[in-house]
Amino acid sequence: MTNSPQCAFIAGCAGLSLSDEEKSFFEKTRPWGFILFARNCQDKDQIRALCAELRAAIAVDNAPILIDQEGGRVARLKEPGWPKRPPMARFGDLYKLKHEKAAEAAFLGARLIAADLTEVGVNVNCVPVLDVPQPDAHEIIGDRALANHPEVIASLGRDVINGSLAGGVLPIIKHIPGHGRAMADSHLELPVVTAPLDDLEKVDLVPFKALCDAPMAMTAHVIYTAWDADNCATLSPKVVGDVIRRQVGFDGLLMTDDLSMKALTGSFGDRASAALAAGCDLLLHCNGDMAEMQAIAAAAPVLEGRALERADAAMALLTSKSGFDREKEEARFAQLLKPVMA
């Protein structure tokens, strides 16, 4: 495989296989990785073939291929081809009954999802959600959150991270520094959080601080007026530098949330440049729109320096796994969750 440099962005694609235009574009721009959505997922053979096409286009045989496979309502791989996994809030429900069983269930749930993913060639999962949901906030987080208390989220988040890694899949903590107070869905508009600094530090940051050694994190397209009243976290040098890097202590690979979300405005080149200037390592673009991807790629630098070191450190955690009795562990997982499943 080639050793030529890759660029600091992650790209989506339009369909179930790559068009000639997409192949040519990826060969030329060499994104660091790719992300799959439901539009890209039909069956196991098709996804395996698409993953192989994506990696062949950039000539990197283990290139990161991401997916959002949280369980519950956020799952790109669905029945009947894949098991229906519970939302992660069920682990928090179980924690109220038995801490040890909740920890085992969170680990095993992530381990089983990892088995679903590695079977088709996907090696990165955008989990766990470490946001602390608030009762009056928008439902976009809701039962995607592991629990309602930051310390419980941190504890179960560690189990999800460990389960994912045990299955040969890299986790991404999200949405740093916290999406749980947002009164709007950042896919559709820009949320503004006016909570005082003390609340943010004593609640929202707690899970991220506890898991600051995670290999990768994804930013939140949310304005926090206590930190930066003018820029959302993704585009804020103050939030990225002072809050995420220094206060939280996260020194892993930091990627933006999807730059095509409606929380952001302006040209795609401007969005990309602002995110990089804020201190993000990687630009994430998900919808597969070629014109938008071209603008992102034009703004994306070669992945080098500290960002490359962080990327390499994350990828070094990927190891092949064997000896997993899937049928047995599926049964154990179902048994563990039985008390909290309606």
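Strands β1 and β2 run parallel to each other and pair over three bridges; two strands count as paired if DSSP finds at least two bridges between them. This is a predicted model, so local features need pLDDT of at least 70 and side-chain atom pairs count only at pLDDT 80 or more, while totals for chains, interfaces and linings use all residues. Residues are numbered from 1 along each chain as its sequence is written, and side-chain values use heavy atoms, with hydrogens and water left out. Helices (H or I, at least four residues) and strands (E, at least two) are DSSP runs, numbered from the N terminus.

**Overall build**

- The protein has eleven helices and 13 strands.
- Its radius of gyration is 19 Å, close to the 20 Å that the globule rule gives for 342 residues, so the protein is as compact as a globular protein of that length. The radius is taken over C-alpha atoms, and the rule is 2.2 Å times the number of residues to the power 0.38.
- Along the principal axes, the C-alpha atoms fill a box of roughly 55 × 50 × 30 Å.
- Of the 342 residues, 57% count as buried. Buried means under 20% relative accessible area, exposed means over 50%, and partly exposed is in between (1.4 Å probe, protein chains only).
- Look at contacts with a separation of 6 or more, and 78% of them come from residues 24 or more positions apart. A contact here means heavy atoms within 4.5 Å.

**What the record says**

- UniProt, in an unreviewed entry, lists residues 19–300 as "domain: Glycoside hydrolase family 3 N-terminal". The positions are given in the numbering used here, the feature name is shortened, and such annotations may be inferred rather than shown by experiment.
- Over residues 19–300 the chain is 41% helix and 12% strand, and the end C-alpha atoms sit 22 Å apart.

- Ile-10 has Gly-33 as its bridge partner in β2.
- Phe-34 and Val-120 are 86 residues apart along the chain, and their C-alpha atoms are separated by 14 Å.

**The β8-β10-β12 sheet**

- Three strands make an open sheet in the order β8-β10-β12, with parallel pairing.
- β8 and β12 (253–255) are the edge strands, each pairing on one side only.
- Neighbouring strands in this sheet are turned by 30° against each other on average, direction ignored. The axes are lines fitted to C-alpha atoms, for helices over the stretch in contact, and angles run from 0 to 180 degrees between N-to-C directions.
- β10 (residues 216–219) pairs with β12 in the parallel sense over three bridges, and Ala-217 has Leu-254 as its bridge partner in β12.

**Helix α8**

- The buried residues of α8 (residues 268–278) are Phe-268, Gly-269, Arg-271, Ala-272, Ala-275 and Ala-278.
- Among the elements covering them are α7 (237–247), β13 (283–284) and α9 (290–299).
- Gly-279 follows α8 and has a positive phi, near 120°.

**Backbone spots to check**

- Most residues other than glycine have a negative phi, and most peptide bonds are trans.
- Arg-30 isn't a glycine, yet its phi is positive, about 50°. Arg-30 lies in the loop between α1 (20–29) and β2 (31–36) and is buried, with a relative accessible area of 7%.
- Ala-59 also has a positive phi, near 55°. Ala-59 is in the loop between α2 (44–58) and β3 (65–67) and is partly exposed, at 21% relative accessible area.
- The peptide bond from Val-127 to Pro-128 is cis, with omega near 5°; Pro-128 is in the loop between β6 (124–125) and α5 (150–166).
- Ile-176 and Pro-177 are joined by a cis peptide bond, with omega about 10°. Pro-177 is in the loop between β8 (173–176) and β9 (192–193).
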